[in-house]
Amino acid sequence: MRKFLLVGVLIIAILSFAAVKDPETLVSLAIGDPSTLDPHRAYDLASGEVIYNVYDMLLEYDGSSLSKFLPRLAEEVPTVENGLISPDGKTYKFKIRKGVKFHSGNELTPYDVEYTFERALIGDPGGGPIWMFYEVFFGKYFGLKDAVKGLTGHAWSELVNIDTGEPTSPEAKKILEDFYKKYIDPVVEVDGDYVVFHLAEPKAYFLNIITGSSWGAILDSKKAKEIGLWDGKVDGWWKYHDWKKEDSPLHLTEIGSGPYILDRWDRTEGKVILKAFEDYWRGPAKLKNIVIWVVSEWSTRKAMLEKGDADVVIAPTQYLSQLRDNPDIEIIDNLPRATVNTISFIWRVKAGSPYAGSGKLDGKGIPLDFFSDKNVRLAFLRSINYQKIIDDVMDGYGMIVPAILPKGFLGYDDSLPKPRFSIEEATKYFKRAFRGQLWRKGFKMIVLYNTGNETRQKTAELLADTLKQINPKFQIETRGVQWPTYLDARKNSKIPIYIGGWVADYPDPNNFIYTFYHSNGTYGSFFGEKYKVFANKPQAFFGGKSLNQMIEDAVAETNPAKRQEMYVKIQQFVIREGIGAPLFQTIGVRVQRSWVKGWVPNPIRPGDDYYKMWKSDK
């Protein structure tokens, strides 16, 4: 009996010791590849997660807080009290930490920080995140070309030959050089051990902008110049503006100082493999290997999780019940999420788009300006069964909000009308569209979703089914594509409808309202020239101001009560005009093996902070 018990105890001990599979390696199963590893072009979570772990920022959030910060490459968090923020709120100073090594072996200097931000302002890729830097450093200008035109009086096309990338004349070259010297260079300056930032006007969320995601990553300036990024010189800086992502030397590599080094990005296998940086200034990470692996099929992700071959997985909420009885799997519910899933319309689809059919109102496609018709937009928005998506697709992990602004943010007002499903109202609007021709002729189009994203897939399929019920001549084909293809189709305005989501870059209403409704916003800029004309048109609803002007005025307002009123007014207008809509605000959930330790939620951070994590059965 004693012998049997002893053997049993030994077996239990062995099993407990062996329970954690490969304790130094964490496997995270994703549903989408990174788009790029260039921090100044990346604007998606898949890219941001990799960048966040291979680079360092000046600061980091203190755990789950969105208002408290901890020093990282900066030795101290700037405040007015410690003299690192000027009394007028327009100057920020950061003392740069010494003894930090980049992965190349080069040592971090204040110049690396200056170079990084100037390279971002010069590069400013279309549809990327650098508009946030322009917002805080240049005020009313939200991009390089916009700033050049506004501050020099010359359009970019007047100064730079589009085909050659060279100045159009000696005078143009002088204007470009003077622009850099007068406006770009003074924004970020080195002052001994400090880097000094000069804002156009006070912005309470400046620290949030440079902390939350990939665009705050600090580059190794020496390595950057070696691999063909901006050479740091005034002469020729314009040649480095708005490169295609594939042309960037940082598209497939990294030059950071973060806790992990990019070992390889195998796009064929859908794997990103990170290795711990042993010379990391905070000490090497406990997890030595990180594997971020795209596995589109839920059944495969589930099987790998249950076997212990995966540690963290993306789990559609409708399948969570399949995991709840497994003691080895941890499901963390009701996480705070500053995320809104959305449906947006392209007011002018690019000619030749493969997703618009014939490109005409002939029953075989859609006109390229299909969604510039207000009746079409409102009809589509009434054709979406929002609550069914939340109940059936999200398993209840969502809430309906009035506009594309999360509950809890300044400007949110629960009394505003929320998106509603009504076949009767949808029918009414469809019959009005294009003077009745749309109802008689019908239409065909393709709606994309990124493969593996079942929420977007089911949303597209539900919309297609409802439209068939309304009118059999309304035909939508739903099609899954890889994540980079999906992003490129959106960026180039090829898809008539974009089903997406937005995770807050920083916790302020401007990050949602400007992004989706201003014609220069990350999403608004994709809507096309017709939307730009509309957004700049004076509106009686705003007392003669345009939508764009109202949005700009709201972000410049410093009185919180007045800002609240202005954002409510903006939302009333965009709801009335049907300028896209929220599908739902997400309620977060995380699924991982119970041996994963150290994970802390933060609704702004792009993915996991692997440096803080480890694996243990205790």
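Which residues line the second largest cavity? Select D38, H40, R41, R119, G123, P125, Y240, D242, W243 and S248, and you have its lining. Before going further, note that this is a predicted model, where local features need pLDDT of at least 70, side-chain atom pairs count only at pLDDT 80 or more, and totals for chains, interfaces and linings use all residues. Residues are numbered from 1 along each chain as its sequence is written, and side-chain values use heavy atoms, with hydrogens and water left out.

**Stop 1: the cavity**

The second largest cavity has a volume of about 80 Å³. The structure holds five cavities of 30 Å³ or more. What counts as a cavity here? On a 1 Å grid over the protein atoms alone, a cavity is a set of points where a 1.4 Å probe fits but cannot get out, and lining residues have an atom within 4 Å of a point. Grid points are joined across faces, edges and corners, and a volume is the space filled by probe spheres set on the points.

**Stop 2: P129**

Now click on P129, in the loop between α3 and α4. (Helices are DSSP runs of H or I with at least four residues, strands are runs of E with at least two, and both are numbered from the N terminus.) P129 has a relative accessible area of 0%, so it is buried. Buried means under 20% relative accessible area, exposed means over 50%, and partly exposed is in between, using a 1.4 Å probe and protein chains only. Show what surrounds P129: leaving aside neighbours within four places in sequence, it is in contact with P39, H40, R41, A42, Y43 and W215. Contact means heavy atoms within 4.5 Å.

**Stop 3: A217**

Select A217 next, in the loop between α8 (206-211) and α9 (221-226). Is A217 buried or exposed? A217 counts as buried because its relative accessibility is 0%. Beyond residues up to four places away in sequence, A217 touches P39, I51, Y55, D56, M57 and T116.

**Stop 4: E114, a charge on its own**

Move to helix α3 (residues 110-123) and pick E114. E114 is buried yet has no salt bridge. A salt bridge is a side-chain nitrogen of Lys or Arg within 4 Å of a carboxyl oxygen of Asp or Glu. The nearest side chain of opposite charge is K225, 9.0 Å away. (Lys and Arg count as positive and Asp and Glu as negative; His and the chain ends are not counted.) Residues up to four places away in sequence aside, E114 touches D185, V188, E189 and V190.

**Stop 5: salt bridges**

How many salt bridges are there? The count comes to 36. Here are some to zoom in on:

- E75 and K95: their closest N and O atoms are 3.9 Å apart. E75 sits in the loop between β3 (69-71) and β4 (91-95) and K95 in strand β4, so the pair ties together parts that are 20 residues apart in sequence.
- K203 and E201: these side chains meet at 2.6 Å, N to O. K203 is buried, with a relative accessible area of 3%, while E201 is partly exposed at 27%.
- D333 and R324: the closest N and O atoms are 3.3 Å apart. D333 is partly exposed at 28%, and R324 is partly exposed at 41%.

Then select D56, E60, R72, R282, D609 and K612 together: salt bridges that share partners join them into one network.

**Stop 6**

Last, highlight helix α19 (residues 547-556), whose buried residues are L547, N548, M550, I551, A554 and V555. Look down the axis of α19: these buried residues fall within an arc of 165°, so they line one face of the helix. The arc is that of the directions from the helix axis to the C-beta atoms. The buried residues of α19 pack against α4 (131-138), α17 (510-517), α18 (529-535) and α20 (560-577).

Finish at the second largest pocket, with about 350 Å³ of space. A pocket is an open set of grid points with protein on both sides within 12 Å along at least five of seven lines. Of the 17 residues that line this pocket, A204, Y205, D508, E557 and R563 are the closest to its centre. The elements giving two or more residues to its lining are α19 and α20.
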